[in-house]
Amino acid sequence: MDSPSSATPSSPIVRIGQGPVPLDRDEFERRYREQFADPAFAEAKEAVDQVTRIAAEAYEARRKTISSRPAGAGFQDPSHELSTEWLDARQKIHDAQQEFNDAGSVTRMLLINASPRTDETCPSEISKSFRLSGIARTTLEAEGCHVDLLDLSLLGAEYGRRIFPCKACVSTAMPLCHWPCSCYPNHYLGQVQDWMNELYPRWVAAHGIMIITPVHWFQVPSGLKLMIDRLVCADGGNPDPTTTAGKDPALAKEIELKGWDYPKHLAGRVFSLIVHGDAEGAGGVRRHLHDWLTGIGLISAGPTAIVDRYIGYFEPYASSHEALDRDSAIQEETRHAAIALARATAEMRAGRRPPGEDLPAPRMK
């Protein structure tokens, strides 16, 4: 490993030395076979043995990508091979951006229910966030908007729904963080069925974003945090992986130090927030979400659209839905937040720009 003393601010080295020891064949196969623990797979033992062997060979060969093609026109190196899965995700984002740019299209709202609760899984009951999302949806549709409901409870309720964690490529160098994310799928590690390639175009196509979330231990729920982290590539991410020859960290550092413009790929969308808790943390979560969204270039729909409240303050969890039934104020505040979002989004689409948008940023990062 290179000595840190050999690095300079203008030519930083790539620091290495951390990482797990590769699994031996027996340990890999033990872990892989866990997905076939159901006795029902016993009659397919030979097939499971064959699939396990193939998976182990893919792991040993480190086959991250299973299909690729030359990048083609529009890339710095058209001959560089890129994952077909990444190229397909990129095309969907481009198509979504065209929908966003179409001034004559209906206003599209991405309404996010961030609670993991659903009556179809262990909680056996719907969430208050889902109920408030229903109020918001009805209100937005009455304002003439098309609503795309993103229900993050599906991460725990639907087969094959998952969001893998961010690997923090941006901390090596911003150009190493590709837009959209190129870290997944990673086939030899079994990191497949990542939901984000579907979610990126849903964010891009939306003119307005409304997040309705509970507080979990002074923070947002884990599903929402996973999505937030994976949206880092929307804030400065590199749309051309051929410039970094895929994932070459030294090239990425060189590019950033020569000057990087940190493009904000979601800038110009308008947002609203409803944060609810039962005892503590609602204000902090609301501030964190507000700062994150404005930081990536989104525009607040105004004070009426940004709400943090307590439902059944310090009351039993068991009667929290009855507390929401009684709390007509939070229901009305949700309606007002949705109306404020719809009207602010309409103004933005008509040409209004937020104060200070014409001022150049003193700091690009």
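Q: In which handedness of crossing does α3 pass α6?
A: A crossing is left-handed if the near helix is turned anticlockwise from the far one by less than a right angle, and right-handed if clockwise. Here α3 passes α6 in a right-handed crossing. The model is predicted: local features need pLDDT of at least 70, side-chain atom pairs count only at pLDDT 80 or more, and totals for chains, interfaces and linings use all residues. Residues are numbered from 1 along each chain as its sequence is written, and side-chain values use heavy atoms, without hydrogens and water.

Q: At what angle do α3 and α6 pack?
A: Helix α3 (residues 84-101) and helix α6 (residues 196-205) pack at about 15°. Their axes lie 7 Å apart. The two are therefore roughly parallel (angles under 35 degrees).

Q: Which residues of α3 and α6 meet?
A: Contact means heavy atoms within 4.5 Å. From α3 come E85, A89, K92, I93, A96, Q97, E99 and F100. From α6 come N197, Y200, P201, V204 and A205. The residues of this contact divide into eight nonpolar, two polar and three charged.

Q: How do α4 and α11 pack, at what angle and with axes how far apart?
A: Helix α4 (residues 128-142) packs on helix α11 (residues 328-349) at about 40°, with axes 9 Å apart. That makes α4 oblique to α11. α4 passes α11 in a right-handed crossing.

Q: Which residues make the contact of α4 and α11?
A: α4 gives L132, I135, A136, T139 and L140. α11 gives I330, Q331, T334, R335, A338, I339, L341 and A342. The contact residues divide into nine nonpolar, three polar and one charged.

How values were computed: Axes are lines fitted to C-alpha atoms, for helices over the stretch in contact, and angles run from 0 to 180 degrees between N-to-C directions. Helices (H or I, at least four residues) and strands (E, at least two) are DSSP runs, numbered from the N terminus. Angles under 35 degrees count as roughly parallel, over 145 as roughly antiparallel, 65 to 115 as roughly perpendicular and the rest as oblique. Ala, Val, Leu, Ile, Met, Phe, Trp, Tyr, Cys and Pro count as nonpolar, Asp, Glu, Lys and Arg as charged, and the others, Gly among them, as polar.
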